[in-house]
Amino acid sequence: AAWGFAALILLLPLVAMQLTDEVDWSPADFAVAAALIVGVGVAYELTVKMTANAAYRTAVGVGLAGAFILIWLNLAVGIIGTEDNPANLMYGAVLAVGVMGALIARFQSDGMARAMVATALAQVLVAAIAMIAGMQSPVSPATEILGLTGFFVALWLISAWLFRKAAREQTPAGAAP
(Lines give C-alpha, C1' and ligand atoms only; values in the text may rest on other atoms or scores of the structure.)
Protein backbone atom coordinates (compact mmCIF):
# COMPACT_ATOMS: atom_id res chain seq x y z
CA ALA A 1 0.00 0.00 0.00
CA ALA A 2 2.81 2.41 0.88
CA TRP A 3 4.62 1.82 -2.40
CA GLY A 4 1.31 2.26 -4.26
CA PHE A 5 0.88 5.62 -2.52
CA ALA A 6 4.45 6.52 -3.51
CA ALA A 7 3.68 5.72 -7.14
CA LEU A 8 0.54 7.85 -6.91
CA ILE A 9 2.61 10.80 -5.69
CA LEU A 10 4.85 10.40 -8.72
CA LEU A 11 1.85 10.27 -11.04
CA LEU A 12 0.39 13.55 -9.75
CA PRO A 13 2.75 15.77 -11.78
CA LEU A 14 2.11 13.63 -14.86
CA VAL A 15 -1.64 14.16 -14.50
CA ALA A 16 -1.13 17.86 -13.75
CA MET A 17 0.91 18.22 -16.94
CA GLN A 18 -2.13 17.05 -18.90
CA LEU A 19 -4.37 19.62 -17.23
CA THR A 20 -2.25 22.77 -17.11
CA ASP A 21 0.80 24.38 -18.67
CA GLU A 22 1.95 25.47 -15.20
CA VAL A 23 3.46 22.03 -14.56
CA ASP A 24 6.23 21.08 -16.98
CA TRP A 25 8.39 18.19 -15.79
CA SER A 26 11.25 16.73 -17.76
CA PRO A 27 12.30 13.07 -17.57
CA ALA A 28 15.10 14.20 -15.24
CA ASP A 29 12.51 15.77 -12.90
CA PHE A 30 10.66 12.47 -12.74
CA ALA A 31 13.93 10.59 -12.12
CA VAL A 32 14.89 12.90 -9.23
CA ALA A 33 11.40 12.65 -7.74
CA ALA A 34 11.44 8.86 -8.06
CA ALA A 35 14.86 8.67 -6.38
CA LEU A 36 13.62 10.89 -3.55
CA ILE A 37 10.47 8.83 -3.05
CA VAL A 38 12.36 5.52 -3.18
CA GLY A 39 15.00 6.85 -0.77
CA VAL A 40 12.39 7.89 1.79
CA GLY A 41 10.50 4.62 1.34
CA VAL A 42 13.58 2.46 1.81
CA ALA A 43 14.69 4.47 4.86
CA TYR A 44 11.29 3.99 6.47
CA GLU A 45 11.19 0.28 5.62
CA LEU A 46 14.59 -0.15 7.27
CA THR A 47 13.24 1.61 10.36
CA VAL A 48 10.24 -0.72 10.49
CA LYS A 49 12.57 -3.72 10.32
CA MET A 50 14.88 -2.21 12.93
CA THR A 51 12.34 -1.51 15.68
CA ALA A 52 8.81 -2.32 16.76
CA ASN A 53 8.61 0.85 18.87
CA ALA A 54 5.67 2.82 17.47
CA ALA A 55 6.90 6.19 18.76
CA TYR A 56 10.32 5.67 17.14
CA ARG A 57 8.73 4.60 13.85
CA THR A 58 6.42 7.61 13.88
CA ALA A 59 9.30 9.94 14.75
CA VAL A 60 11.27 8.64 11.78
CA GLY A 61 8.19 8.98 9.56
CA VAL A 62 7.64 12.60 10.60
CA GLY A 63 11.33 13.40 10.12
CA LEU A 64 11.43 11.75 6.70
CA ALA A 65 8.22 13.54 5.70
CA GLY A 66 9.78 16.85 6.72
CA ALA A 67 12.94 16.13 4.75
CA PHE A 68 10.93 14.98 1.73
CA ILE A 69 8.73 18.09 1.72
CA LEU A 70 11.71 20.41 2.25
CA ILE A 71 13.60 18.91 -0.68
CA TRP A 72 10.54 18.69 -2.94
CA LEU A 73 9.50 22.26 -2.19
CA ASN A 74 12.99 23.62 -2.81
CA LEU A 75 13.36 21.76 -6.08
CA ALA A 76 9.87 22.69 -7.28
CA VAL A 77 9.54 26.36 -6.42
CA GLY A 78 12.13 27.29 -3.80
CA ILE A 79 11.46 28.79 -0.40
CA ILE A 80 13.67 31.86 -0.74
CA GLY A 81 12.80 33.37 -4.10
CA THR A 82 12.59 30.80 -6.88
CA GLU A 83 14.04 27.31 -7.11
CA ASP A 84 17.06 28.80 -8.91
CA ASN A 85 18.01 31.07 -6.00
CA PRO A 86 21.30 29.84 -4.52
CA ALA A 87 20.10 30.95 -1.06
CA ASN A 88 17.89 27.84 -1.04
CA LEU A 89 21.07 25.76 -0.76
CA MET A 90 21.14 26.78 2.92
CA TYR A 91 18.31 24.29 3.48
CA GLY A 92 20.78 21.56 2.59
CA ALA A 93 22.60 22.52 5.79
CA VAL A 94 19.38 21.96 7.74
CA LEU A 95 19.19 18.42 6.41
CA ALA A 96 22.91 17.91 6.98
CA VAL A 97 22.45 18.80 10.66
CA GLY A 98 19.75 16.13 10.93
CA VAL A 99 21.78 13.48 9.13
CA MET A 100 24.99 14.22 11.04
CA GLY A 101 23.08 14.28 14.31
CA ALA A 102 21.52 10.90 13.53
CA LEU A 103 24.91 9.42 12.70
CA ILE A 104 26.50 10.84 15.85
CA ALA A 105 23.55 9.51 17.90
CA ARG A 106 23.91 6.14 16.20
CA PHE A 107 20.15 6.29 15.66
CA GLN A 108 19.49 5.91 19.41
CA SER A 109 16.25 7.56 20.55
CA ASP A 110 17.71 10.10 23.02
CA GLY A 111 20.36 11.26 20.56
CA MET A 112 17.84 11.37 17.72
CA ALA A 113 15.66 13.68 19.82
CA ARG A 114 18.60 16.04 20.26
CA ALA A 115 19.43 15.80 16.56
CA MET A 116 15.89 16.82 15.62
CA VAL A 117 16.01 19.79 18.01
CA ALA A 118 19.30 20.82 16.38
CA THR A 119 17.61 20.46 12.98
CA ALA A 120 14.80 22.76 14.13
CA LEU A 121 17.38 25.31 15.31
CA ALA A 122 19.18 25.09 11.95
CA GLN A 123 15.85 25.74 10.21
CA VAL A 124 15.33 28.86 12.32
CA LEU A 125 18.90 29.98 11.61
CA VAL A 126 18.32 29.78 7.85
CA ALA A 127 15.18 31.92 8.16
CA ALA A 128 17.04 34.42 10.37
CA ILE A 129 19.87 34.67 7.82
CA ALA A 130 17.34 35.15 5.02
CA MET A 131 15.52 37.91 6.93
CA ILE A 132 18.67 39.71 8.11
CA ALA A 133 20.21 39.57 4.61
CA GLY A 134 16.98 40.87 3.06
CA MET A 135 16.49 37.80 0.88
CA GLN A 136 12.72 38.01 1.01
CA SER A 137 11.15 39.22 -2.21
CA PRO A 138 7.77 39.58 -3.87
CA VAL A 139 8.13 35.93 -4.84
CA SER A 140 8.87 34.92 -1.23
CA PRO A 141 7.62 37.54 1.23
CA ALA A 142 8.81 37.39 4.84
CA THR A 143 5.46 35.98 5.96
CA GLU A 144 5.84 33.03 3.59
CA ILE A 145 9.42 32.26 4.63
CA LEU A 146 8.52 32.54 8.32
CA GLY A 147 5.34 30.50 7.87
CA LEU A 148 7.21 27.70 6.13
CA THR A 149 9.93 27.88 8.75
CA GLY A 150 7.29 27.45 11.45
CA PHE A 151 5.85 24.46 9.61
CA PHE A 152 9.21 22.71 9.34
CA VAL A 153 10.25 23.60 12.90
CA ALA A 154 6.98 22.04 14.08
CA LEU A 155 7.74 18.84 12.13
CA TRP A 156 11.29 18.62 13.52
CA LEU A 157 10.08 19.24 17.08
CA ILE A 158 7.24 16.72 16.81
CA SER A 159 9.80 14.19 15.63
CA ALA A 160 12.07 15.13 18.57
CA TRP A 161 9.19 14.70 21.02
CA LEU A 162 8.37 11.29 19.57
CA PHE A 163 12.01 10.19 19.78
CA ARG A 164 12.06 11.32 23.41
CA LYS A 165 8.87 9.33 24.00
CA ALA A 166 10.51 6.30 22.39
CA ALA A 167 13.55 6.74 24.66
CA ARG A 168 11.34 6.79 27.78
CA GLU A 169 9.53 3.67 26.61
CA GLN A 170 12.89 1.90 26.32
CA THR A 171 13.96 2.88 29.86
CA PRO A 172 13.55 -0.08 32.23
CA ALA A 173 10.86 0.24 34.90
CA GLY A 174 12.16 1.98 38.02
CA ALA A 175 15.22 3.43 36.28
CA ALA A 176 15.80 7.16 36.01
CA PRO A 177 14.90 8.56 32.54
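Predicted model: local features only at pLDDT ≥ 70, side-chain atom pairs only at ≥ 80, totals over all residues.

User: How do you know that the span of helix α6 agrees with its number of residues?

Analyst: Helix α6 covers residues 142-170, which makes 29 residues. The expected span is 1.5 Å times one less than the number of residues. For α6 that comes to 42 Å, and the C-alpha atoms at its ends are 42 Å apart, so the two values agree.

User: Why is Asn88 called buried?

Analyst: Buried means a relative accessible area under 20%. Asn88 has 7%, so Asn88 is buried. Asn88 sits in the loop between α3 and α4.

User: What makes the pair formed by Thr82 and Asn88 a polar contact?

Analyst: The cut-off for a pair of N or O atoms is 3.5 Å. A polar atom of the Asn88 side chain lies 2.9 Å from the backbone oxygen of Thr82, so the distance is within the cut-off. Thr82 is also one of the residues in contact with Asn88 when neighbours within four places in sequence are left aside.

User: How many residues line the largest pocket, and which helix supplies the largest share?

Analyst: The lining has 28 residues, and those nearest the centre are Leu64, Val99, Ala102, Phe107 and Met112. α3 gives the largest share, 8 residues. At least two residues come from each of α2 (27-50), α3, α4, α5 and α6. The volume of this pocket is about 580 Å³.

User: How do the residues of that lining divide into nonpolar, polar and charged?

Analyst: The lining of the largest pocket has 22 nonpolar residues, 6 polar and no charged.

User: What is the volume of the second largest pocket, and which residues are closest to its centre?

Analyst: The second largest pocket has about 400 Å³. Among its 14 lining residues, Ala2, Phe5, Ala6, Val40 and Gly41 are closest to the centre. α1 (2-19), α2 and α3 each supply at least two residues of this lining. The lining of the second largest pocket divides into 11 nonpolar, 2 polar and 1 charged.

Key: Residues numbered from 1 in each chain as written. Heavy atoms only, no water. Helix = DSSP H or I, 4+ residues; strand = E, 2+ residues; numbered from the N terminus. Buried < 20%, exposed > 50% of the residue type's maximum accessible area, 1.4 Å probe, protein only. Polar contact = N/O pair within 3.5 Å; in protein donor to acceptor, adjacent residues only side chain to side chain. Contact = heavy atoms within 4.5 Å. 1 Å grid on protein atoms, 1.4 Å probe; cavity = no way out; pocket = protein on both sides within 12 Å on 5 of 7 lines; lining within 4 Å. Points joined across faces, edges and corners; volume = space filled by probe spheres on them. Nonpolar A, V, L, I, M, F, W, Y, C, P; charged D, E, K, R; others polar.
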